Amino acid sequence: MSNFVVSARKYRPQRFEDVVGQQHVAQTLKNALATDHVAHAFLFCGPRGVGKTTCARILARVLNCQNRSADFEACNECSSCKSFNENASFNIIELDAASNNSVEHIRALIEQVRFQPQQGKFKVFIIDEVHMLSNQAFNAFLKTLEEPPPYAIFILATTEKHKIIPTILSRCQIFDFRRISVADMVLHLKNICEKEGLEAEEDALHIIAQKADGALRDALSIFDRITSSSAGKKIRYEDVIENLNVLDYDYYFQVTDALLAEDAPAILNLFDLILRKGFEPEVFLTGLAEHLRNILVCKDASTLALLEVGESLRERYRKQATLSPLSFLLTALNIANDCDINLKMARHKRLHLEMALLKMCYINRAVQASTLTEKKTPELTVNGGRSTVDGGRPTVDGGRPTVD
């Protein structure tokens, strides 16, 4: 049997300082431990894969640790910590509310609350996916959650806070976990690569982090898949985009260059090449809109930090931003947005997207034409009760036309 352990489990944080992207939660919990103001009920809510259950387990271990460090981290050496690491702790009880959501399951939990901890000060109950409990189960849980014995602490975790009844929310300290940024994910993946003896291109790690959409667990799952498919000890950008079926940045740079040059045949040929590679029109349109947005972000130095790409790509975006007028970018984004809204209803999606690309192609010419039209339009001036055109003969006198 293989001894392989997935990265999400192998590199699960064991200390508050190791938690990625949730420093606001970790620091607040450590301050509560330092001042001995630990609540009896917590609610950890946020998207999937951002560290809710991880923080719950770290807090449960620190509460029963016999030799806490000066910065209120678990020692990982006492009998309580060792039993927790071996999944043999009777003081920490985890319940999956997705499959244990009835009144009977909650009553069985309440029965366990009655018994004092065998070792340590606290008995910690971690209830995952708590929003899956039925209303009857919530109501059965209310009294125990509000007035538990002094040794009982409840940590509830959920991805859908709005499904939890207000009477439960009012009895908990609520911690909102945020999505993990691309920069934090890339840094974490670099650390894992160093530990595993892997060499990875930064652009490849950026693609993995962007594909994870704020969930570190998803990023680690993708990372494992890429390392399994990559030959040798190097993770290359080309391997990542091929494995994840991601459209290469280079296509979007070529399309934008063709749009700025008003080269309609090149644009249509590039779009045809992308379709022949197996990419759906929706995927290309979404990627193009994101590319135009990134160029727009590069137009101003104060918004450059919003660009979540590697340094080599950042330089390419800067160069293309200097060649792209602001009017072109805003109009192209507006066309892409309208196309995206109507694409689902279009019967001929390819033609619909080609028309949008051709509109983008001639944006600069349309802007120049509208500017010339405005210059040629005579100015209307009003003088007293009379309206004149460019100092010409009066045309209106008291609301009636006059004729010489």
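Trainee: Leaving aside its neighbours within four places in sequence, which residues is glutamine 22 in contact with?

Mentor: Happy to start there, and keep in mind that this is a predicted model. Glutamine 22 lies in the loop between helix H1 (7–10) and helix H2 (23–35). Once neighbours within four places in sequence are set aside, its contacts are Val50, Phe177, Arg178 and Ile180.

Trainee: Is glutamine 22 buried or exposed?

Mentor: Buried means under 20% relative accessible area. Glutamine 22 has a relative accessibility of 0%, so this residue counts as buried.

Trainee: Now to isoleucine 58: what separates its C-alpha atom from that of phenylalanine 16?

Mentor: Isoleucine 58 belongs to helix H3 (residues 52–64). Not counting residues up to four places away in sequence, isoleucine 58 touches Pro13, Gln14, Arg15, Phe16 and Val19. Phenylalanine 16 is 42 residues apart from isoleucine 58 along the chain, and the separation of their C-alpha atoms is 6.9 Å.

Trainee: Does threonine 144 count as buried or exposed?

Mentor: Threonine 144 is part of helix H6 (residues 135–146). Beyond its neighbours within four places in sequence, threonine 144 is in contact with Ile110, Val113 and Phe154. Its relative accessibility is 13%, and the cut-off is under 20%, so threonine 144 counts as buried.

Trainee: On to the rings. How many aromatic pairs are there?

Mentor: A pair needs ring centres within 6.5 Å. By this rule, the count of aromatic pairs is 10.

Trainee: Why is the pair of tyrosine 252 and phenylalanine 284 stacked?

Mentor: The two ring centres are 5.9 Å apart. Tyrosine 252 is in helix H12 (residues 249–260) and phenylalanine 284 in helix H14 (residues 281–297), 32 residues apart, so the pair links distant parts of the chain. Planes under 30 degrees apart count as stacked, and these planes are at 20°, so the pair is stacked.

Trainee: What is the angle between the planes of phenylalanine 253 and tyrosine 317?

Mentor: Phenylalanine 253 is in helix H12 and tyrosine 317 in helix H15 (residues 311–323), 64 residues apart. Both residues of this pair, phenylalanine 253 and tyrosine 317, are buried. Their rings are 5.0 Å centre to centre, and the pair is tilted, with an angle between the planes of 50°.

Trainee: Which residue has its charged end over the ring of phenylalanine 253?

Mentor: Look above the centre of that ring. At 4.1 Å from the centre of the phenylalanine 253 ring sits the charged end of arginine 316.

Trainee: Finally, how many residues does the largest nonpolar core have?

Mentor: Those with the most contacts inside this core are Phe42, Phe44, Ile155, Ile208, Phe284 and Met360. Its largest share, eight residues, comes from H12. A second, separate core of 26 residues includes Ile110, Phe125, Leu142 and Tyr151. For the largest nonpolar core, the number of residues is 99.

How values were computed: Residues are numbered from 1 along each chain as its sequence is written. This is a predicted model: local features need pLDDT of at least 70, side-chain atom pairs count only at pLDDT 80 or more; totals for chains, interfaces and linings use all residues. Side-chain values use heavy atoms; hydrogens and water are left out. Rings of Phe, Tyr and Trp (its six-membered ring) pair if their centres lie within 6.5 Å; planes under 30 degrees apart count as stacked, over 60 as edge-to-face and the rest as tilted. Helices (H or I, at least four residues) and strands (E, at least two) are DSSP runs, numbered from the N terminus. Buried means under 20% relative accessible area, exposed over 50%, partly exposed in between (1.4 Å probe, protein chains only). A charge sits over a ring if NZ of Lys or CZ of Arg is within 6 Å of the ring centre and within 35 degrees of the ring normal. Contact means heavy atoms within 4.5 Å. A nonpolar core is a set of buried Ala, Val, Leu, Ile, Met, Phe, Trp, Tyr and Cys residues joined through side-chain atoms within 4.5 Å.
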